[in-house]
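Have a look at the fold, then read on.

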Amino acid sequence: MSEDAFISERRRNQIEEILLVLLIILSLAGVGLTDYDPSDGYFYWLFMMIVFAFSAMFIAWLQSKHEVEDLKSILREQSLHWGVSMLIVGAAFMVQKSGRIDPASAGIVISLILSLSTILDGIRIGWRFSLVGFYLVISAVLASYTPHSIWQEILVAFTIIGGTVLWEIRSRKKAAE
């Protein structure tokens, strides 16, 4: 990495790892909330779309060269990506309000939309972000098949977090050799 880099690659990876853990914990809270009260779950997942959007923008900015043109490009791409995702979430809400799906199902659909948006954005900004999306997919499926699936989802969350931490440790050891 060049000397004029804003932050080192190692530090950027640590920040991405922290964001991964934070987003999984917030997602786990959303799963618990949706399980407890499906109508509140919709608004929580809507809020999470905004949290994920800003997290993605932050990660993309960290990866950029921190020039004005890079920032403009990041804001344009990310705003379009997450804006369209919010539009689809709004459409899901309208379908739920029409009575075609119940609030619990709407929460699951919205978490699936969020998972797809996260996985696709992760292709652009990094595998850790995609992992959070895959966690959301697993959570939505578990919630669909298992009432009160929070314990299984906690296990999946710890597995993902533990796996990425072990991956980072292994990568650092390899780089040190």
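**Helix packing at a glance**

Helix α6 runs for 27 residues and spans 39 Å from its first C-alpha to its last, close to the 39 Å expected at 1.5 Å a residue. Keep in mind that this is a predicted model.

**What α6 hides**

- The buried residues of α6 are Glu-153, Val-156, Ala-157, Ile-160, Ile-161, Thr-164 and Glu-168.
- Among the elements covering those buried residues are α1 (9-36) and α5.

**α5 against α6**

- Helix α5 covers residues 127-145 and helix α6 residues 150-176; their axes come within 10 Å and cross at roughly 160°.
- An angle over 145 degrees counts as roughly antiparallel, so that is how α5 and α6 lie to each other.
- As for handedness, α5 passes α6 in a right-handed crossing.
- On the α5 side, the contact is made by Trp-127, Arg-128, Leu-131, Tyr-135, Ile-138, Ser-139, Leu-142 and Ala-143.
- Facing them from α6 are Gln-152, Glu-153, Val-156, Ala-157, Ile-160, Thr-164, Trp-167 and Glu-168.
- Sorted by class, this contact of α5 with α6 has 10 nonpolar, 3 polar and 3 charged residues.

**α4 against α5**

- Helix α4 takes in residues 103-125, and its axis comes within 7 Å of the α5 axis, with the two crossing at roughly 160°.
- By that angle, α4 and α5 are therefore roughly antiparallel to each other.
- Here the crossing is left-handed.
- From α4, the residues that meet α5 are Ile-108, Ser-111, Leu-112, Leu-114, Ser-115, Thr-118, Ile-119, Asp-121, Gly-122, Ile-123 and Ile-125.
- Their partners in α5 are Trp-127, Phe-129, Ser-130, Val-132, Gly-133, Phe-134, Leu-136, Val-137, Ala-140, Ala-143 and Ser-144.

**A serine in α1**

- Ser-27 sits in helix α1.
- Is Ser-27 buried or exposed? Ser-27 counts as buried, because its relative accessibility is 0%.
- Setting aside neighbours within four places in sequence, Ser-27 is in contact with Trp-45, Met-48, Phe-52, Val-132, Tyr-135 and Leu-136.

Conventions. Residues are numbered from 1 along each chain as its sequence is written. This is a predicted model: local features need pLDDT of at least 70, side-chain atom pairs count only at pLDDT 80 or more; totals for chains, interfaces and linings use all residues. Side-chain values use heavy atoms; hydrogens and water are left out. Axes are lines fitted to C-alpha atoms, for helices over the stretch in contact, and angles run from 0 to 180 degrees between N-to-C directions. Helices (H or I, at least four residues) and strands (E, at least two) are DSSP runs, numbered from the N terminus. Angles under 35 degrees count as roughly parallel, over 145 as roughly antiparallel, 65 to 115 as roughly perpendicular and the rest as oblique. A crossing is left-handed if the near helix is turned anticlockwise from the far one by less than a right angle, and right-handed if clockwise. Contact means heavy atoms within 4.5 Å. Ala, Val, Leu, Ile, Met, Phe, Trp, Tyr, Cys and Pro count as nonpolar, Asp, Glu, Lys and Arg as charged, and the others, Gly among them, as polar. The expected span of a helix is 1.5 Å times one less than its number of residues. Buried means under 20% relative accessible area, exposed over 50%, partly exposed in between (1.4 Å probe, protein chains only).
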